[in-house]
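Student: Please go through this structure with me, one question at a time.

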Amino acid sequence: MKKLNYIILSLLVTLVIACTNKKKEVLATEKKLEEVSPKRFYPKLDSTRYNVAFLIMDGTFNTEFTAPFDIFQHTKFRKNIKSMNVFTVANTLEPITTFEGVRILPDFNYIEDVLPKIDILVVPSAEHHLDSDLKDTAMLNFVKKVNKDALFITSHCDGAFVLAKAGVLDSVTSTTFPSDIELYKKTFPHLKVADNALFVHDKKYITSAGGAKSFEAALYLCEHLYGKEVAQSLAGGLVIDWDVNKVPHLILP
């Protein structure tokens, strides 16, 4: 009987050791797979908020991306408003590198993923928005598709070139980076262009000169949606002295 118990105990110990080793092997394999292909983490999107997508790519300029992102992301800390979900979209899920060298992991791949409904599209400026990006038919078609149902389409600096190439600015007045205004007019001679405005709001399109003025254009949209008090609160949180009347702009019906 003792011998039988010993045999049973030995078998149990062997099984436990085997299971433990197997578990270690599985964990080791999972770790290797994670290193090669990290787990996908989707942003949490509150269905009661506006969905704001930032179109990014290699060469995106930091300020035109981070300025409106900061403003819009902070709306979730304000009460009694329909705040914003902010997320990034790109033609890849691999890290993109901004012009200044910051690496950003996109939330969605607009070519392969099923995207959430986009209420507001933000197009920051990027290094090649004056040349090769304007030949990117997949990106231009994405902009056209979003334009059909979006409440607002916004651009900063040379992001206007992308919107213009996609044909969504044909019936409105727009602007872009000051030193690129003449090239903008030459490239798209059919467009109405505001020379001296730092941002223009025409219908659902808001185009801005970019740079630090990307903050002002984003604050203007928040004032348009939420009122002056909320916009000033958002500006105060970023130590910005906000008064839309102090910013050269053009608002058209």
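This is a predicted model: local features need pLDDT of at least 70, side-chain atom pairs count only at pLDDT 80 or more; totals for chains, interfaces and linings use all residues.

Student: What percentage of the residues of the chain count as buried?
Tutor: Buried means under 20% relative accessible area, exposed over 50%, and partly exposed in between (1.4 Å probe, protein chains only). Of the 253 residues, the buried share is 44%.

Student: How many helices and strands does the chain have?
Tutor: Helices (H or I, at least four residues) and strands (E, at least two) are DSSP runs, numbered from the N terminus. The chain comes to 7 helices and 12 strands.

Student: At what angle do the axes of α2 and α6 cross, and is the arrangement parallel or antiparallel?
Tutor: Axes are lines fitted to C-alpha atoms, for helices over the stretch in contact, with angles from 0 to 180 degrees between N-to-C directions. Helix α2 (residues 62–73) and helix α6 (residues 213–226) have axes that come within 8 Å and cross at roughly 30°. Angles under 35 degrees count as roughly parallel, over 145 as roughly antiparallel, 65 to 115 as roughly perpendicular and the rest as oblique. Therefore α2 is, relative to α6, roughly parallel.

Student: Which residues of α6 meet α2, and how does the contact divide by residue type?
Tutor: Contact means heavy atoms within 4.5 Å. From α2 come T63, E64, A67, P68, I71 and F72, which meet S214, F215, A218, L219, L221 and C222 in α6. Ala, Val, Leu, Ile, Met, Phe, Trp, Tyr, Cys and Pro count as nonpolar, Asp, Glu, Lys and Arg as charged, and the others, Gly among them, as polar. The residues of this contact divide into 9 nonpolar, 2 polar and 1 charged.

Student: Which residues of α7 meet α6?
Tutor: The axes of α6 and helix α7 (residues 228–237) come within 7 Å and cross at roughly 145°. On the α6 side are L219, C222, E223 and Y226; on the α7 side are K228, V230, A231, L234 and A235.

Student: How far apart are R78 and L234 in space?
Tutor: R78 sits in the loop between α2 and β2 (84–90). Leaving aside neighbours within four places in sequence, R78 is in contact with V230, S233 and L234. R78 and L234 are 156 residues apart in sequence, and their C-alpha to C-alpha distance is 8.5 Å.

Student: Is N109 buried or exposed?
Tutor: N109 lies in strand β5 (residues 108–109). Not counting residues up to four places away in sequence, N109 touches R40, A90, N91, T92, L93 and L115. Because its relative accessibility is 5%, N109 counts as buried.

Student: Is C157 buried or exposed?
Tutor: C157 is in the loop between β7 (152–156) and α4 (159–165). Phi of C157 is near 60°, a positive value in a residue other than glycine. Its relative accessibility is 7%, so C157 counts as buried.

Methods: Residues are numbered from 1 along each chain as its sequence is written. Side-chain values use heavy atoms; hydrogens and water are left out.
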